[in-house]
Amino acid sequence: MILHIDIISIVPELLDSPFRHSILQRAQSRGLLNVNVIDLRAYGLGKNRQIDDYQYGGGAGMVMMAEPIYLAIQTLKKERSYDEIIYMTPDGEKLNQQMANQLSLHENILLICGHYKGIDERLREHCITREISIGDYVLSGGELAAAVMVDAIGRLIPGVLNDETSALLDSFQDGLLSPAVYTRPADFLGWKVPDVLLSGHEAAIENWREQSALERTQKKRPDLLDDEL
Ligand code: ADE
């Protein structure tokens, strides 16, 4: 199975690099992920390829017009049937690991990147199936948010990660942060790796890791533990 992600953007250049390296590059070369960026300008209106206009009722800031985005969606829909058409927006539901897990099981996803004051509300009512935010802050456009989504989702597609990097041990997968990790040397400037990790005692190591994950979560993100209650 391959996950196909189309992204509609007015700054496609912003998405040139994020998917061409490391794990996402591997996902694509293994034929598990396909990312395609569509330049919204190609669907702009008139000779200026207009994609935005003043907002009704007045007020500062332009709004992305319904028609170019609608045309782009209709054209893309002729090629594939989307499981979700997602608008990246700070007022959407906040992305978390569970959502990334679910989205990674889809086959076709369309992401729409907003700019300025956002897109005409009628698109949100009639064309968008889901609205997602990557956090409670405002970016200058949806592209970086879309890149974050593709990264979070793409690495979860079965076959993308090798055993040693398995996503099952990631922070958040079991509702906890990951345990502390160390590598050589065992003594750096007198700062020592916990003895148990050098002991070769598998059960003791597993126990230490569980404890470390729990302590970190209690200290850094106690809210994750509350959620479980
Ligand atoms: N566009 C602008 N800010 C955003 C955010 N926080 N999440 C998703 N899309 C956005």
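Biologist: Before we start, buried means under 20% relative accessible area. With that in mind, what share of the 229 residues in the protein chain is buried?

Modeller: Keep in mind that this is a predicted model. Counting over the 229 residues of the protein chain, the buried ones come to 39%.

Biologist: Is Ile 205 buried or exposed?

Modeller: First, find Ile 205 in helix α7, which covers residues 202-220. The cut-off for buried is under 20% relative accessible area. Ile 205 has 13% relative accessibility, so Ile 205 counts as buried.

Biologist: Which residues does Ile 205 touch, leaving out those up to four places away in sequence?

Modeller: Let's look back along the chain a bit. Asp 195 is 10 residues from Ile 205, and their C-alpha atoms are separated by 9.7 Å. As for touching, with residues up to four places away not counted, the partners of Ile 205 are Val 196, Leu 197, Ser 199 and Gly 200.

Biologist: Zooming out, what radius of gyration does the protein chain have?

Modeller: The C-alpha trace spans about 70 × 40 × 35 Å along its principal axes. A compact globule of 229 residues would come in near 17 Å, but the protein chain has a radius of gyration of 22 Å.

Biologist: And how far apart do the centres of the positive and negative side chains lie?

Modeller: There are 22 positive side chains and 34 negative ones in the protein chain.

Technical notes. Residues are numbered from 1 along each chain as its sequence is written. This is a predicted model: local features need pLDDT of at least 70, side-chain atom pairs count only at pLDDT 80 or more; totals for chains, interfaces and linings use all residues. Side-chain values use heavy atoms; hydrogens and water are left out. The radius of gyration is taken over C-alpha atoms; the globule rule is 2.2 Å times the number of residues to the power 0.38. Buried means under 20% relative accessible area, exposed over 50%, partly exposed in between (1.4 Å probe, protein chains only). Lys and Arg count as positive and Asp and Glu as negative; His and the chain ends are not counted. The place of a charge is taken as NZ of Lys, CZ of Arg, CG of Asp or CD of Glu. Helices (H or I, at least four residues) and strands (E, at least two) are DSSP runs, numbered from the N terminus. Contact means heavy atoms within 4.5 Å.
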